[in-house]
Amino acid sequence: MKKSELIQVYYLMRLARGFETRAAEQYTKGRIGGFCHLYSGEEAVAIGAMWHLRKDDYVIGSYRDHAYYLVRGGDPRKAMAELFGHEDGCCKGKGGSMHLFDPSLNFFGGYAVVAGECPIAVGLAKAAQMKKEDRIVLCFFGDGATNQGAYHEALNMASLYNLPVVWVCENNYYAIGTSVPRSSAQESMAQKARAYGMPVHVVDGMDFFKMQSVAERAIAAARANGGPSFIEAKCYRYRGHSMSDPATYRSKEEVEHWKSRDPIPSLKKAIQNDFEVGEEEFAAVDARVTQVLDEAVRFAEAGHELPPESRIDDIYAE
Amino acid sequence: MPKITYREAINQALFEEMHRDPAIIVFGEDVALYEGSFKVTRGLMKEFGPERVFDTPISEAAIVGMATGAAIGGLRPAAELMSVNFALVAMDQILNHLAVMRYMFGGQVVLPVTIRMPGGGGHQLGAQHSHSLEVHFVHTPGLKVLYPATPADAKGLLKAALRENNPVIFLEHEGLYNLEGEVPGEMEPAQIGQAAVLRAGTDATIIGYGAMTHVALEAARTLESLGLDAEVIDLRSLRPWDKPTVMQSVARTHHAIVVEESPPVCGIAAEVAVNIYENVFDQLDAPVERVSGADAPMPYAKNLEQACIPHAEDVVAAVRKSLGR
Amino acid sequence: MYEIVMPRLSDSMEEGKIIKWKVKAGDAVREGDVLAEIESDKAVMELECFHDGRIAQIVQGDGAEVAVGQAIAYMAGAGEDAATPPAASQQVEAKPAAAPAAPSPPAPQMPAPAPPEGRIAISPYARKLADARGIDYTKIKGTGPHGRIMAEDIEQAVRTVAQARTPTIEPAPVKRTAEVRTAEPDMEPLAVAIVKRFRIDPATLRGTGPHGMILADDVVAVLCARPQPAAKPPADEELPALEVSEEEATVEEASFRLKTQARHVTAAKHVVPHFYITASADVTRLLERRGELKAKFGATVTHLVMLASVKALKAHPGINRTWDRGRIIRWKHVNLGLAVETEQGLTVAVLAEAEGLTLPEIVGRTTDLAARAREARLTAQDRRHPTFVISNLGMYGVEEFQAILNPPASVTLAVASAQAAPVIRDGGIYVGKVMRLTASCDHRVIDGVGAARFLQELARLLENPETLLEGAGV
């Protein structure tokens with residue numbers, strides 16, 4: 001990869017991480033309501049998976065969606081405004097944190113029901129296939145989703161119809177407070193997916209390079225009419241399931257262990273190893289991220305919600 | 001005018017609309033090769049090919065989710081759930097995804113999805129196969145719900161559903177598939193949200209839908225021989241439903257009787273009744289009468305099942321009770 | 001200066017407790033550091049530091065319970081002086097937890113349908129009608145469920161009021177005139193509503209308002225002409241009460257049957273517009289055959305009149321109809337009612353589906369009916385829906401009489417005795433037997449011409465026994 005590309009990766013990671021931190025801060029200030037699920041720690045999965053996508057490919061995922069939106073090219077101001085519930089949020093404040101969505105980015109949400117996005121991913125791929133477009137669908141979900149009925153229906157159908165879906169399982173080992181061993185008879189997510197007859201990959205989700213390499217192969221296969229494949233990205237979320245979760249089910253040692261494998265310092269080190277990049281360059285990127293996020297928060301703070309009369313707008317299309 | 005069955009009318013609507021719009025695809029369990037468990041999709045795969053008409057596994061959630069995703073991707077899916085009873089497996093995808101997504105995403109997506117599902121009881125199919133679940137869909141903002149009672153309406157309303165840019169739940173009654181009726185060969189789509197006055201009358205207004213429309217008409221004939229003149233309204237469209245037609249009628253007759261096959265609690269009849277009270281209270285000479293199915297799961301034994309479904313005599317009794325005659 | 005506030009750590013959290021500060025004023029802190037342990041409504045959570053800087057002042061100490069959003073510390077950012085604390089901020093009182101809302105009382109049970117004391121149950125539509133017609137509904141007894149006043153009760157009150165106003169009850173029969181109405185007469189709105197509601201034929205209305213406008217009163221007058229249902233108070237109670245002393249008379253309570261009959265016959269006379277039309281039939285030749293017919297079939301004059309009536313009705317089916325509240329009932333059969341003398345008085349026994357019966361059949365069934373009537377064994381079927389009634393007082397030498405109608409029959413035929421009378425025939429006068437037949441007719445459904453034609457046919461049959469007996473199984 002080129003240096004400029006890697007700097008871009010670094011930027012996206014800092015942006016995603018920084019956005020989540022800002023979201024946490026604004027949540028504790030009461031500016032963000034409801035549930036807020038933060039991606040901190042998993043940045044390499046989203047960025048690695050999406051790195052080789054085309055603009056016209058489709059992305060769909062779960063409620064832990066801020067990073068998907070931003071990495072896909074979404075505007076941090078519109079994301080933060082949506083979290084604030086304001087009319088200039090990407091969904092006019094009607095969706096909130098769990099339901100970011102932007103068709104112009106081919107990012108189709110943001111779903112609160114675990115595995116609810118999986119059948120919809122099948123439909124997106126079906127349309128692409130029928131219209132003979134060679135776009136693919138990237139579908140994100142967690143380890144918890146792999147026990148849902150709808151998930152299995154979706155994987156079966158995608159394989160049956162040879163649809164261009166890349167299933168990305170963010171195995172961060174916990175579904176709220178229930179760990180994989182306590183919930184899954186088959187602890188290997190990949191093994192469960194293999195039963196549907198598709199190629200499976202298991203990858204270190206804290207490592208951007210490995211992640212993007214595996215994703216590149218899966219995406220190319222899907223695009224070449226090779227049907228769906230499955231990527232199990234082993235990763236870790238540094239924060240609780242959501243802002244309300246103190247994550248007491250994880251030991252401090254475990255968290256520290258995973259923090260030692262933080263994708264951002266790893267990436268920085270890798271860049272420094274391969275290229276001549278000084279601290280001031282990284283600092284410049286950091287400053288840029290801070291600027292962008294300050295602007296996003298200012299934008300959100302200055303905005304306001306839709307008036308109550310609009311509560312029945314946008315239910316039906318003409 | 002040619003006379004065809006309700007089943008054939010739906011089939012015709014699918015044929016015509018699929019010719020008209022290449023974006024329409026039809027899928028569901030056994031709809032393609034087997035031509036439909038009720039033979040409604042007969043001939044479709046042969047005509048339009050296995051790309052546009054295909055069979056799915058038994059995966060109701062994925063069937064509905066696939067319809068939703070395909071709609072985002074630019075197609076106009078017409079999925080079939082083998083019966084409304086199996087829709088329960090897909091309720092999350094219907095009520096919690098399909099119905100809410102346009103709104104939740106700030107109006108950024110259009111979902112022209114039609115989900116066809118036959119329902120209703122009366123054939124000794126037992127409690128799990130005999131539900132009338134329309135109320136769950138009618139209750140949910142974001143959906144439109146249609147329920148034709150006649151072959152002509154089955155064709156007209158399905159054409160309308162397939163041209164509608166919003167999710168439509170299209171309910172069919174299993175007991176009506178063989179019902180014959182006049183259906184024009186060339187037909188414009190019907191108007192969604194419009195009821196039909198099937199019989200004009202002056203003494204009481206009977207409101208029904210689906211199979212119960214025919215029960216209402218039979219009751220009206222019996223009432224005529226008793227010297228009572230009932231007006232019969234077929235709702236046809238349950239969400240949205242035609243309030244003006246119903247209110248105008250009740251304002252004239254002063255007596256309203258609503259018939260539904262489902263159990264009564266929080267049903268369509270309750271919805272219609274409350275709206276009547278809200279709109280034409282001062283014209284009422286008696287409380288609105290509801291004739292509903294029994295408040296019980298559907299039993300298997302033939303006599304018990306028949307006792308759980310409204311019949312014409314129940315409607316006649318309700319009309320007479322309202323009139324005090 | 002950056003204000004650190006009590007964080008909202010869960011959706012439902014309204015206040016939190018500082019368990020322990022991990023930093024103190026003057027400490028340098030970095031993004032991600034843990035500043036304190038906070039207890040929320042759900043759990044003990046860490047207060048995260050979101051910015052690099054230095055703690056300037058701790059405002060709320062360990063153990064403090066602070067409302068979400070209130071300042072608990074101040075922090076200087078890079079470049080700011082941490083030493084100068086912000087303008088003195090008072091110790092903010094922790095907001096007292098809102099008192100839990102009193103649980104709303106359970107919804108009251110909904111069954112008791114009877115209105116509470118003092119309230120009158122009346123349907124909304126009935127109340128509208130009452131207002132429109134100036135009826136004080138508080139004086140009305142409702143016939144709906146639980147005594148609810150219904151529209152019909154108001155209508156009844158309107159009719160009663162109209163009745164009280166007009167002393168002569170029998171309205172003049174509405175004559176059919178040759179004049180054709182070219183334009184609809186004006187009708188006041190309430191009149192229109194009542195006409196629609198009760199399906200009154202507008203042609204029967206005569207307007208008494210300005211320029212012939214039809215008023216509600218005019219419609220009500222027509223309504224009054226309708227037969228009253230049995231539940232209404234008996235009309236004979238309208239005569240002034242009789243005071244009778246023991247010396248004058250003995251008084252006994254009439255039997256239920258008699259009372260019912262009295263009510264019915266009063267109602268019939270009261271409500272139905274009667275007209276009477278008499279024809280004479282020269283029954284000389286018929287009576288010549290009477291002996292033979294009696295010997296062979298047991299037939300009496302009454303039976304012969306019944307046979308003649310049935311045949312005449314076949315030719316004039318318009319007579320076999322009934323007026324009922326604006327509808328015309330066309331009977332599919334001729335149900336011949338025969339007034340039969342019994343110990344309990346006169347009763348009408350019905351020979352159902354009499355058309356097409358032969359004379360022997362008529363004799364047989366009538367004899368059986370009459371026997372049952374005398375034994376008080378008539379069934380409901382035996383009394384049901386006479387469409388034509390015959391009353392024969394000929395055996396008593398009665399010359400002529402007019403019967404009161406027996407609804408639902410629109411005609412009652414009063415058969416008198418055949419009297420010796422001069423008859424002109426074939427240019428000569430001789431003594432023949434002439435029977436007078438008087439038809440009492442319901443003028444709402446039968447007119448003079450129709451009645452006349454019917455009687456003419458009836459007389460013709462009675463005067464020509466061969467024609468009468470043709471096809472009658474004789």
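The model is a predicted one.

In chain A, five strands form an open sheet with parallel pairing, in the order E1-E2-E3-E7-E6. Strands E1 (58–60) and E6 (200–204) of chain A lie at its edges, and each of them pairs on one side only. From one strand to the next, the twist averages 20°. Within this sheet, strand E2 (residues 137–142) of chain A runs parallel to strand E3 (residues 165–171) of chain A, and the two are joined by 6 bridges. Val168(A), in E3(A), is the bridge partner of Phe140(A). The sheet is also packed against by helix H5 (residues 117–130) of chain A, which touches E1, E2 and E3 of that chain. The direction of H5(A) makes about 175° with that of E2(A).

Chain B comprises 13 helices and 14 strands. Of its 325 residues, 59% are buried. Among the contacts in chain B with a separation of 6 or more, 79% are between residues 24 or more positions apart.

Chain B also meets chain A: 35 residues of chain B are in contact with 35 residues of chain A. On the chain B side, helices H3 (60–72), H5 (91–98) and H6 (101–104) each supply at least two residues. The greatest contribution to this side comes from H3(B), with 10 residues. By class, the side of chain B that touches chain A consists of 16 nonpolar, 16 polar and 3 charged residues.

Chain C contains an open sheet of 4 strands with antiparallel pairing, ordered E5-E4-E2-E7. Strands E5 (44–48) and E7 (65–67) of chain C each have a single partner strand, so one side of each is left without a neighbour in the sheet. Neighbouring strands of this sheet are turned against each other by 40° on average, direction ignored. Strand E4 (residues 34–39) of chain C pairs with E5(C) in the antiparallel sense over 5 bridges. Opposite Ile38(C) stands Met45(C), in E5(C).

Elsewhere in chain C, Asp186(C) is found in the loop between helix H2 (151–165) and helix H3 (189–198). Asp186(C) has 15 other C-beta atoms within 10 Å and is therefore partly exposed, a class that lies between exposed, at 12 or fewer, and buried, at 20 or more. Although Asp186(C) and Pro210(C) are 24 residues apart along the chain, their C-alpha atoms are separated by 9.2 Å.

Methods. Residues numbered from 1 in each chain as written. Chains lettered and ligands numbered in written order. Predicted model: local features only at pLDDT ≥ 70, side-chain atom pairs only at ≥ 80, totals over all residues. Pairing = 2+ DSSP bridges. Axes fitted to C-alpha atoms, helices over the stretch in contact; angles between N-to-C directions. Contact = placed C-beta atoms within 7 Å. Nonpolar A, V, L, I, M, F, W, Y, C, P; charged D, E, K, R; others polar.
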